[in-house]
Amino acid sequence: MADTMQFDLVSPERKLASVTATEVQIPGADGDMTAMPDHAPVITTLRPGVLTVTGADGTSRYAVTGGFAEVTPAATSVLAERAMPAEEVTADVITQLIADATEAASNAPDDTRDAANKLVADMEALRAELGV
Amino acid sequence: MPSLKDLKNRIESVKSTRKITKAMQMVAAAKLRRAQESAEAARPYAERFNAVMSGLAQSVGGSDSAPRLLAGTGSDQTQLLIVMTAERGLCGGFNGNIAKLAKTHAAKLVAEGKTVKILTVGKKGRDAIKRDYGDHFVGHVDLSDVKRVGYADAQSIAKDVLTRFDAGEFDVATIFFAEFVNVVTQVPTAKQIIPASFEQSEDGDAAESTLYDYEPSEEAILADLLPRGVATQIFTALLENGASEQGARMSAMDNATRNAGEMIDKLTIEFNRSRQAVITSELIEIISGAEAL
């Protein structure tokens with residue numbers, strides 16, 4: 001059994017990470033999940049949250065705002081709409097994201113308002129988790 | 001026959017034109033490298049995205065519950081053409097080629113009795129299409145203030161398009177842009193983005209053999225991803241366009257610089273000849289004057 005897997009984090013604009021990892025914690029839309037080598041193939045959407053990657057050179061954290069993750073036994077790829085290393089996230093960025101999400105939620109039609117409100121809540125949770 | 005002074009002025013003016021075109025060529029070359037880098041950087045995302053989407057589309061596409069963005073509205077009566085061009089000219093046939101392709105497409109649709117709506121991105125394409133199809137314009141996106149195209153720009157265009165789609169303003173959307181092949185070749189391309197069509201990747205068989213679990217569900221993921229897919233495709237097109245524009249400008253300016261050089265050579269020969277003629281005739285005058293004494 002392999003004890004490492006390939007991990008890729010890509011956003012539309014650039015490739016943020018491509019490393020060998022032993023464990024990746026993904027903020028899935030239906031709850032957090034941790035992908036380890038030889039995980040069954042899964043595709044899940046993401047909610048705004050913190051992605052934690054554990055590899056040979058320690059743990060790194062990334063803030064992601066949505067997108068999806070593709071997990072296969074040999075590799076995990078996260079395609080995030082916006083992603084950045086957690087230490088680069090500033091209060092301004094988060095505040096802007098929350099403001100955008102709040103505005104979208106207030107304009108959302110009734111059938112998607114719940115989802116939009118959840119997005120705002122997730123963003124606020126993200127802010128709390130990053131402590132900025 | 002122009003006087004010596006006229007010729008001299010002409011040579012000077014062509015020389016300064018050559019300096020300008022040379023500078024523009026070098027600026028375009030530098031920008032091209034940057035544009036190519038960002039297009040390169042965006043490729044992994046787009047490729048992975050399309051691979052996942054085509055897998056999903058295959059498994060859900062046939063069912064009746066398929067989202068409208070994938071299955072379409074069941075009609076193709078109203079067509080939206082999204083024409084992406086540059087904000088600036090002086091880039092050879094770049095803008096003209098895209099506009100021409102869009103106009104041909106529009107003419108075909110009109111002949112078939114379809115309703116055509118046109119959304120333009122970039123000023124130059126708008127100007128080129130205005131004369132023939134000005135009354136079909138439904139909107140314009142101005143990117144002249146944007147120094148470097150980001151995903152956010154693509155997202156806002158996608159949002160605009162999706163809002164129109166949800167409002168039932170059109171059935172089919174096609175984007176027009178120039179695909180970057182290399183510095184001298186840019187191919188004007190039309191690509192249908194709504195309803196979404198995904199090219200079968202060449203290793204499609206390998207992808208199919210993996211059975212994924214979907215969380216939450218295939219339909220929910222598809223509904224979440226399709227709007228992103230529109231933005232991703234627009235983003236890819238914008239980046240391709242950016243690289244193509246700089247490539248086209250670079251080769252156009254290279255040609256212009258060369259032409260200016262040839263012109264200077266020609267003018268210089270003419271200048272030297274006329275100068276020699278003046279000297280010769282002066283000499284003849286002096287000699288015949290001396291003989292007369």
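Visitor: Which conventions apply to the model and its numbering?

Guide: The model is predicted: local features need pLDDT of at least 70, side-chain atom pairs count only at pLDDT 80 or more, and totals for chains, interfaces and linings use all residues. Residues are numbered from 1 along each chain as its sequence is written, chains are lettered from A and ligands numbered from 1 in the order in which they are written, and side-chain values use heavy atoms, with hydrogens and water left out.

Visitor: How many residues of chain B are in contact with chain A, and what area do the two chains bury?

Guide: Contact means heavy atoms within 4.5 Å. Here, 23 residues of chain B contact 25 residues of chain A. Buried area is the accessible area (1.4 Å probe) that two parts lose on being put together, summed over both. For chain B and chain A this is about 2100 Å², with 61% on carbon and sulfur atoms. B:Tyr45, B:Tyr212 and B:Glu215 supply 30% of the area that chain B buries against chain A, more than any other three residues.

Visitor: What joins strand β4 of chain A to β6(B)?

Guide: Strands are DSSP runs of E, at least two residues long, and helices are runs of H or I, at least four, numbered from the N terminus. Two strands pair if DSSP finds at least two bridges between them. Strand β4 (residues 42-46) of chain A and β6(B) run parallel, joined by three bridges. Within β6(B), B:Asp213 is the bridge partner of A:Val42.

Visitor: Which residues form a salt bridge between the chains?

Guide: A salt bridge is a side-chain nitrogen of Lys or Arg within 4 Å of a carboxyl oxygen of Asp or Glu. The count between chain B and chain A is one: B:Arg228 with A:Glu81, the closest N and O atoms being 2.9 Å apart. A:Glu81, B:Arg228 and B:Asp224 are linked in a network of salt bridges.
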